[in-house]
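Hi,

Here is the model we talked about handing over. Please load it first, then read my notes below.

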Amino acid sequence: MLLVKLAVKSLLNRKASALLTLFTIAISVMLLMSIERVRVDAKSSFSNTISGTDLIVGARTGDIQLLLSSVFRIGHANNGVSWKSYQYITGQRGVKWAIPMSLGDSHKGLAVLGTNKDYFEHYRFAKKQPLSFSQGHEFNHLFEVVLGAEVANTLGYQLGDEVVIAHGMGNTSFHNHDDNPFKVVGILKATGTPVDKTLHIPLAAIDEIHGGHAHQHQPAQADANDHDHDHDHDHDHDQHDDVDLVGTPKQITAFLLGFDSPLYTLQVRRNINQYKDEALLAIMPGVTLRELWEMLSIVEKILLLFSIVVVLISLLGMLTSLLSSLNQRRRELAILRSVGARPWHIFTLISVESLLITGLGCIVGTSLFYALMLLGADYLQSHAGISLNIALLSSYELMLLAAIMVAGFIVGLIPATRAYFYSLADGMSIKI
């Protein structure tokens, strides 16, 4: 205990260099813990880009290709799903809800999604978080559009603005539907998912702008909208509006399914994959997302490597600081030797100092880590789609802190050993 008190006083006597070393370790611990937590939660959030959906059904293709086209709006679906098949499958026992999705149009390079009101009610992201509106409401009329947060921010749209849809995806669109502009009635809150980059319109509007007969449903739709808007979220009322806003398209790109019980998922999936009337594919999004992440595992390795480099740099900084301070502490160590301190006392003193600096650095770094998580959680969720789990340190994170403590102690043994042998060599002074 005497040596510990002496080590504390010695550090207080060298406040500037000790605080600088402690701050360096604290920053490295904060970065290590933050990168590790973001790495783990990024993997979890990626697996939950779409959450609460049991199956995604589309034309038969690769699992990842169907996921990319339907969820991430990347690539093109070679074929669609007939409306007849959609109605048959969604009428099966156990199906709780279904969301039709029609892709193929765009607006200034951003995807346009034709769907129904169930999309806003049942679509989930992250840890089963529902979609919510920052402004406005869901579409209630044929030519109304709901914008993702990034669409509104990037293009500067506000409620009441008119949007013209173009045929074709991305930058390959070649025909603007100028005769059927859409009015912006809602803007979704940021989710950090592809929803932010999507424009949402009624499924029936897709047929209408392509020369269909969806306008035949408008009178019934207008009657439905005579109801008070406060009751728009009533389930039965939603279904009535959905009939008017969905129409009877020939085919859709894909659709999402949710079941009353997980027991139905595998059974219905097998039936869909063996469906004889049409070549269809049903995938479980959570499983496919994990497979896709494994293909991108290089990202995890890079983050882990970066974490290790940060810690090594901080420990090398502490080693440099301790070694450089030995020359400045020749008088202090010589006085200790003159009052009876043995070489192993000198060795223990410097070792305890390095352990104290490392331990305090870990404590301060962990505190900074939690502060950073609290401040950055909302930003990462809205801009990167990473849902941070601000909880107690996991066993793995505690092991990382223990490893840093051990590494700090080992690094401290180097200047301690050097001081020990110099003390043996000349007793009253240390020559470097």
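Is glutamate 397 buried or exposed? Glutamate 397 is buried, because its relative accessible area is 4% (buried means under 20%, exposed over 50%, partly exposed in between, with a 1.4 Å probe and protein chains only).

Some ground rules before the rest. This is a predicted model, so local features need pLDDT of at least 70 and side-chain atom pairs count only at pLDDT 80 or more, while totals for chains, interfaces and linings use all residues. Residues are numbered from 1 along each chain as its sequence is written, and side-chain values use heavy atoms, with hydrogens and water left out.

Back to glutamate 397. It sits in helix H15 (residues 395-426). Helices (H or I, at least four residues) and strands (E, at least two) are DSSP runs, numbered from the N terminus. The side chains of glutamate 397 and arginine 37 make a polar contact of 2.8 Å. That term means a pair of N or O atoms within 3.5 Å; within protein, one must be able to donate a hydrogen and the other to accept it, and residues adjacent in sequence count only if both atoms are side-chain atoms. Leaving aside residues up to four places away in sequence, glutamate 397 touches Met33, Arg37 and Leu392 (contact means heavy atoms within 4.5 Å).

Next, the aromatics. The structure holds nine aromatic pairs. Rings of Phe, Tyr and Trp (its six-membered ring) pair if their centres lie within 6.5 Å; planes under 30 degrees apart count as stacked, over 60 as edge-to-face and the rest as tilted.

- Tryptophan 83 and tyrosine 86 are stacked, at 4.6 Å centre to centre and 25° between the planes. Both lie in helix H4 (residues 83-90), three residues apart, about one turn of the helix.
- Ring pairs join Tyr119, Phe120, Tyr123, Phe133 and Phe139 into a cluster.

Last, a helix contact. Asp63, Ile64, Leu67 and Leu68 in H3 meet Pro285, Thr288, Leu289, Leu292 and Met295 in H11.

Best wishes
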